[in-house]
Amino acid sequence: GGSRLKVEIRKVEAEDFVGFKQKIDRPDVETIGKLAHTEFYPIGFNGRQVTVDLKPYLPKFGHLFIRADFEPAPKQNPVWAKSWIQVSDIGLDAFNSKDLEVLATGLKDASPLPGVELQLLGKSAKVITNAKGQAVMTRQSSNSVIDVLVGRKDGDTSILTPDEYGGLWQPNQTQESLRWYTVSDRNLYKPSEAVSVKGLLRKLSYTAGGGISLAVLPVGKVSYSVVDNM
């Protein structure tokens, strides 16, 4: 007796991601991907943790769409959840400047990945990362509501969006600024103990060919204060 969890596993491709984002807050029937398996998990009257084995559906690399529905569904507020699962060795990062400057690295060891084909979904232009794992994508006009950057290499596919909600990469016109990175030897000190702090100060530029400048900056004096978290 009691309730159960209905879990649908669908095989999806990068091209399905826009549809996934557009429907993520809607409980309607899914149309993306290809249904691979449906499983029902009894959870009783008090509930329990459910573990879903995805290995049979992703032998190496790939993407899955998972939907879980609580049954019997309440009439007023059905309980459901959706997740996109990505298994890839391609790590993508993008610096949003006049153009989109992309870095591809291997997630196993953080090494640069050359030869990764990059494309924004819905746009024709494609570029290939160089020996340093870098490539520059010139912006193209489109009617996209979500920008999805796709990286492909040797049957492996990875996707990246501007943020967790999707969004668009708009040209960044922000002026140059100074950025800090600071660390301390530990996070907790006793009263009267000396606090040890060190850091790096760098210049961030959004101009063509810009980025983080490692050159010594013409800063003659730095003032700072240290406070606790109260």
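**Pockets and cores**

Visitor: What classes of residue line the largest pocket?
Guide: The lining of the largest pocket has 9 nonpolar, 6 polar and 3 charged residues. Nonpolar here means Ala, Val, Leu, Ile, Met, Phe, Trp, Tyr, Cys and Pro, charged means Asp, Glu, Lys and Arg, and the others, Gly among them, are polar. This is a predicted model, where local features need pLDDT of at least 70 and side-chain atom pairs pLDDT 80 or more, while totals for chains, interfaces and linings use all residues. Residues are numbered from 1 along each chain as its sequence is written, and side-chain values use heavy atoms, without hydrogens and water.

Visitor: What counts as a pocket?
Guide: On a 1 Å grid over the protein atoms alone, a pocket is an open set of points where a 1.4 Å probe fits, with protein on both sides within 12 Å along at least five of seven lines; lining residues have an atom within 4 Å of a point.

Visitor: Which residues lie nearest the centre of the largest pocket?
Guide: Ser184, Val195, Val197, Val226 and Val227, out of 18 lining residues. Strand 12 (177-184) and strand 13 (197-205) each supply at least two residues of that lining. Strands are DSSP runs (E, at least two residues), numbered from the N terminus.

Visitor: Switching to Asn96: buried or exposed?
Guide: Asn96 is buried, at a relative accessible area of 16%; buried means under 20%, with a 1.4 Å probe and protein chains only. Asn96 sits in strand 5. From Asn96 to Gly211 is 115 residues in sequence and 9.3 Å in space, C-alpha to C-alpha.

Visitor: Now the largest nonpolar core. Which residues have the most contacts inside it?
Guide: Leu92, Val102, Leu118, Met137 and Leu149, in a core of 13 residues. A nonpolar core is a set of buried Ala, Val, Leu, Ile, Met, Phe, Trp, Tyr and Cys residues joined through side-chain atoms within 4.5 Å. Strand 6 gives the largest share of this core, 3 residues.

Visitor: What does Met137 touch?
Guide: Leaving out residues up to four places away in sequence, its contacts (heavy atoms within 4.5 Å) include Asp99, Val102, Leu118 and Leu149.

Conventions:
Helix = DSSP H or I, 4+ residues; strand = E, 2+ residues; numbered from the N terminus. Buried < 20%, exposed > 50% of the residue type's maximum accessible area, 1.4 Å probe, protein only.
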